[in-house]
Amino acid sequence: MKKTLLAFALFLCAQQGVGQVNTNPSSPWPVVQKEMKPWTRWWWMGNAVDQKGLEAALTTYQQAGIGGVEITPIYGAKGFEDKYIDYLSPKWMEMLHFTVTKANALGMGVDMNTGTGWPFGGPQITPEYAASKFFVQQYKLPRGRYLDIPIEPADAKQRAAGATLNALTAYGPGGKVISLGDRVDTNGQLIWRDNSSEYELYALFSGKTLQQVKRAAPGGAGLTLDHLDKTAVDVYLKRFDEAFKGESPKIRAFFNDSYEVYGANWTPTFLETFRQQKGYDLEKHLKELSGKDSTSATVGRIKSDYRETMSQMLLDNFTKNWSNWAHRYQGMTKNQSHGSPGNLIDLYAAVDIPETETFGSSYFPIPGLRRDKADIRNVDPDPMMSKFASSAAHVTGKKLVSSETFTWLTEHFKTSYAQAKPEAEQLFLAGINHIFYHGTTYTPPNVPFPGWLFYASMNVVPANSLWPHLKGMNDYFTRTQSILQSGISDNELLIYWPVYDQWGKPKGLDMPMKVHDVDVWLHPTEFYKQSMELQKAGYAFDFASDLVLKQSTVSGKQVQTAKTAAPYKTLIIPATGLMPVETLSAILSLANAGATVIFQQLPQDVPGLSQLAGKQQRFKQLLAGLMLQEATPGLQRAQHGAGEVIVSGDLKKALAFKQVQGEGLVNGGLKFIRRQVAGGKFYYLVNHTAKAMDTLITLNAKAGSVMILDPQTGDYGLAASTAKGEQTEVKIQLASGEALFLKTNDVPENAKNWVYLDKAGKRLSIEKGWKLEFTAGGPELPKARKMSKLVSWTDLRDDKATAFSGTGVYTTTFKLPTGDAKEYVLSLGKVHESAQVWINGKDAGMIWSHPFQKRIGQYLVKGKNTIKIEVVNLMANRIRDMDLKKINWRNYNEINFVNIDYKPFDAAGWQPMPSGLVGPVVITAYP
């Protein structure tokens, strides 16, 4: 076992290592590894898989540019019950081993969900180990009398589930509080009375949520796990030990989905753990704990201690415990911590690969980008939420941070790659560097169109009519991720997340930090508002928890959060009401060692009730020792040891005072993220504005030369740049919807120059003479035709074309009068939804997103040229046709198939979606 753990430790170091970019000698692009490609969540419906089908599927995925799969078994399709395989059975393990072996042979990776559906649970979870909740029952105890009814759960379901009495507290006159749990006999009878006064009794029971595993696969159904109890987690994982028989399944990582353990606010050992961690008895405060609408500061303190204890139990008993278990099998852990009732940064940081998710769609003002209100959920993904995961990776020096991507991006069958691109770019800009599609369902080869599908998915499946062009998007994501996985993050600010301001609220009880509730726990906070303002001002930053700050050191006057992490120039403390005295002490120690700390305002008090007086006294002493003096109007400062403490309500003013500059390139609307590598930096720039940009931008980096790398095409060349002191001015050109990388080099570099498109010349419109032939798809191939004008397939007055989803190929010829321009750009105009272009028989690449244009000069010849454009459309029109004809294609157990509003899906009422090449098709010369 020691050798196994040592081998895994070396593997993990290689995975998380940073340093020089591994590039090809003839190209500045990194050598592609499987983690740089997009991976996909792979649903095994009913576990109805076989080796022949698995091999065919993996081969198809690999050819499309997918780097790996994440196996998540779920419910199955009706009529295939005889093909179901029980989860973790010998047959299932045989399928897993085959998958890993075949994937490795294809250069792919495999992750697996440590469970089926979500959240963790299953048949091994008896009520004793199931997710728990507390509930309180109140009784009136008359003066001088015994309670005439037993103290037992009133709810029959809770009695049947084995709910137990954890505490009984009597509240009497004058604030008298008595714990009576040890005075209740085995029959629930209270053997106690008081002749002097009456009492109000609060009985706290440890009950069960009774939540079952959601979307469970065969062999995976059962109660949800109690994540707060180590014994329960160990019992849960023992089933895997038995299935693995002590040997590693040789997967890359074990996966856990977002924490959706509803109502789980307790565990039977909570009172004992609370007493150990907080030093007082929570049972003395049952009245305060169970009250939901209090405004009392004391109640807020008690609930803060309760929430912090829950956070620590989740971290220790589940997250770290599960990770240690995975490491014994030489696997990493990949965890979606959001939704947890705990400190998200610490929970994300405790695993090997933090993972966020996107849910819904964002608005981007990119001209022509479709966003129909009827086809989207009323949810806007917030990139700042994703920074909790990326921050956890950055402050701990982890290489990878991933995302479950495109969940409910649009209504089924209506998601285009053009819509997916800016949503993914928003993740990249938030520090995410590995996309997992949500997702792909395994379908046996004999299942007809559209195959097996998952109800909340983007449907990245071979049956999707867009599939032939998936590699175009995959190549873009791969190039982007290859750089964003290189080196280390390059953020100058570290921003403290004041979680105790949330934990200290007297209302409510447990406090899960959900993606869907950011408008409650994140958006109203000064932390969020200041982070947004700093981002708009061009600053790059990560978030830090109390634990991160306690573990940080100072190196060269910069804050070092981990040995392999990038240092931060400045520590920012946004307006904070409650801060532990230990955190304040750690912050001031960093300043004392040479760091610069900027407070928006000094914290006001310590959280919690534990040792309150002593902590408050120490807290005041620390603040009193700062000796702040006004440096400029609205800004106070104090020399603190080798460092400095600044207090200013205007954080940008304080940063300017310290000459810490944001990137000015954001002033024109550009978005960016930086990576630091040996010999320079990478800037990832994205234009999500409505206008094209042709401008000079200034980088906060001194460069001997700057390379432009186009992730859309793979092209590259030296930019026009000028060093100006510690900054560099660079010329860029970005159409709306485009992205590029800038690579700054400390020394001048010899390479070809980037070709700028400075002044448009003659435009050649290709309007007529098109021949259209349908080559693949269904339900039937429409007839070939000549077109005098490019129109949507739905406007061809052909029912077959209206119902068709698949591939259409356009061909024509055109004459190029001269061929002496330095570059030619092909613009396709409106494309529904993706195109691949051949010119004179040569593959000119895929054009799958806005602005649907591409440089094609290298393929053109003077005189006659031929052009072929293959276009694929959405699945929507074929699905609509099937529903109009009442063809039963959705027939699943459990939830079956729902629309974006979680109602039964029916496309019969849809209008046909525009399809094909609409144009205008124009070639523009750039002399």
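Which residue forms a salt bridge with Glu533, and how many Å apart are the closest N and O atoms?

Modeller: The model is predicted: local features need pLDDT of at least 70, side-chain atom pairs count only at pLDDT 80 or more, and totals for chains, interfaces and linings use all residues. Residues are numbered from 1 along each chain as its sequence is written, and side-chain values use heavy atoms, with hydrogens and water left out.

The partner is Lys536, with the closest N and O atoms 3.9 Å apart. A salt bridge here is a side-chain nitrogen of Lys or Arg within 4 Å of a carboxyl oxygen of Asp or Glu. Both residues sit in helix H15 (residues 526-536), three residues apart, so about one helical turn separates them. Helices are DSSP runs (H or I, at least four residues), numbered from the N terminus. Glu533 is partly exposed at 34% relative accessible area. Lys536 is exposed at 55%. The cut-offs are under 20% for buried, over 50% for exposed and in between for partly exposed (1.4 Å probe, protein chains only).

Lys320 is partly exposed at 35%, and Asp316 is partly exposed at 30%.

Glu55 and Lys102 also meet in a salt bridge, at 3.1 Å, N to O. Glu55 is in helix H2 (residues 51-63) and Lys102 in helix H3 (residues 90-105), so this pair ties together parts 47 residues apart in sequence. Glu55 is partly exposed at 35%, whereas Lys102 is buried at 19%.

The whole structure holds 39 salt bridges.

Technical notes. Helix = DSSP H or I, 4+ residues; strand = E, 2+ residues; numbered from the N terminus.
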